[in-house]
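The entries below follow the order in which I checked things.

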Amino acid sequence: MNQSPLEQQAFEQQFGQKIRHKLNLGSSSLEPATADRLFDARQRALSRHVASVAELSVAGLGRHFFSMGEDYWRPIAAAAALIAFLVGGDYITSIQRAAELEEVDSALLADDLPINAYLDRGFDTWLNSSAQP
């Protein structure tokens with residue numbers, strides 16, 4: 001028979017109450033020392049049960065966090081990847097630009113240009129325009 005979770009829970013509570021009632025009836029005829037030992041055993045069992053429920057609830061928080069994170073972490077991961085791509089591209093571009101400027105500088109220093117080429121205003125303008133990004 002298929003029961004909903006609420007019906008199943010109600011059935012389990014009623015069953016537990018019936019068992020508790022039967023055990024209480026039977027425990028009234030026990031000796032006091034035996035009743036005390038049973039009470040201590042029940043208290044130890046309840047304390048272990050509470051500890052195990054607490055551990056399970058902490059484990060459930062992790063599962064809940066990661067299942068909730070699927071909705072929130074994907075856009076964050078996509079944005080982080082996009083930012084990393086843009087920053088990496090800018091870094092590579094700046095390295096390439098620095099290499100180009102280094103080539104121009106070393107070519108200028110290695111050439112045997114006449115002194116008039118360095119004094120020419122057009123040459124100075126060309127150097128400034130090639131140095132601008």
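Which residues line the largest pocket? I listed G16, I19, R20, L23, N24, S27, L30, A35, L38, F39 and R42. I note that the model is predicted, that local features need pLDDT of at least 70 and side-chain atom pairs pLDDT 80 or more, and that totals for chains, interfaces and linings use all residues. Residues are numbered from 1 along each chain as its sequence is written, and side-chain values use heavy atoms, with hydrogens and water left out.

Entry 1, pocket. I used a 1 Å grid over the protein atoms alone; a pocket is an open set of points where a 1.4 Å probe fits, with protein on both sides within 12 Å along at least five of seven lines, and lining residues have an atom within 4 Å of a point. I read a volume of about 460 Å³ for the largest pocket, a volume being the space filled by probe spheres set on the points, which are joined across faces, edges and corners. Helices α1 and α2 (32-110) each supply at least two lining residues. The largest share comes from α1, with six residues.

I counted four helices and zero strands, in the order α-α-α-α along the sequence. Helices (H or I, at least four residues) and strands (E, at least two) are DSSP runs, numbered from the N terminus. I found that buried residues make up 3% of the 133 residues; buried means under 20% relative accessible area, exposed over 50%, and partly exposed in between (1.4 Å probe, protein chains only). The accessible surface of the chain is about 12000 Å², 63% of it on carbon and sulfur atoms, by the Shrake-Rupley method with a 1.4 Å probe.

I found F11, F15, I19 and L23 forming a nonpolar surface patch with about 410 Å² of accessible area together. Patch residues have over 30% relative accessible area and no salt bridge, and nonpolar side chains are joined within 5 Å. L23 lies in α1 (residues 5-27) and counts as exposed because its relative accessibility is 56%.

I found one in the structure. F11 and F15 are stacked, 6.3 Å centre to centre with 15 degrees between the planes; ring centres must lie within 6.5 Å, and planes under 30 degrees apart count as stacked. Both lie in α1, four residues apart, about one turn of the helix. F11 is partly exposed at 46%, and F15 is partly exposed at 48%.

I searched the whole structure and found one, taking a side-chain nitrogen of Lys or Arg within 4 Å of a carboxyl oxygen of Asp or Glu. R97 pairs with E100, the closest N and O atoms being 3.6 Å apart. Both lie in α2, three residues apart. R97 is partly exposed at 26%, as is E100 at 44%.

Key. Patches are made of residues with over 30% relative accessible area and no salt bridge: like charges are joined within 9 Å, nonpolar side chains (Val, Leu, Ile, Met, Phe, Trp, Tyr) within 5 Å. Rings of Phe, Tyr and Trp (its six-membered ring) pair if their centres lie within 6.5 Å; planes under 30 degrees apart count as stacked, over 60 as edge-to-face and the rest as tilted.
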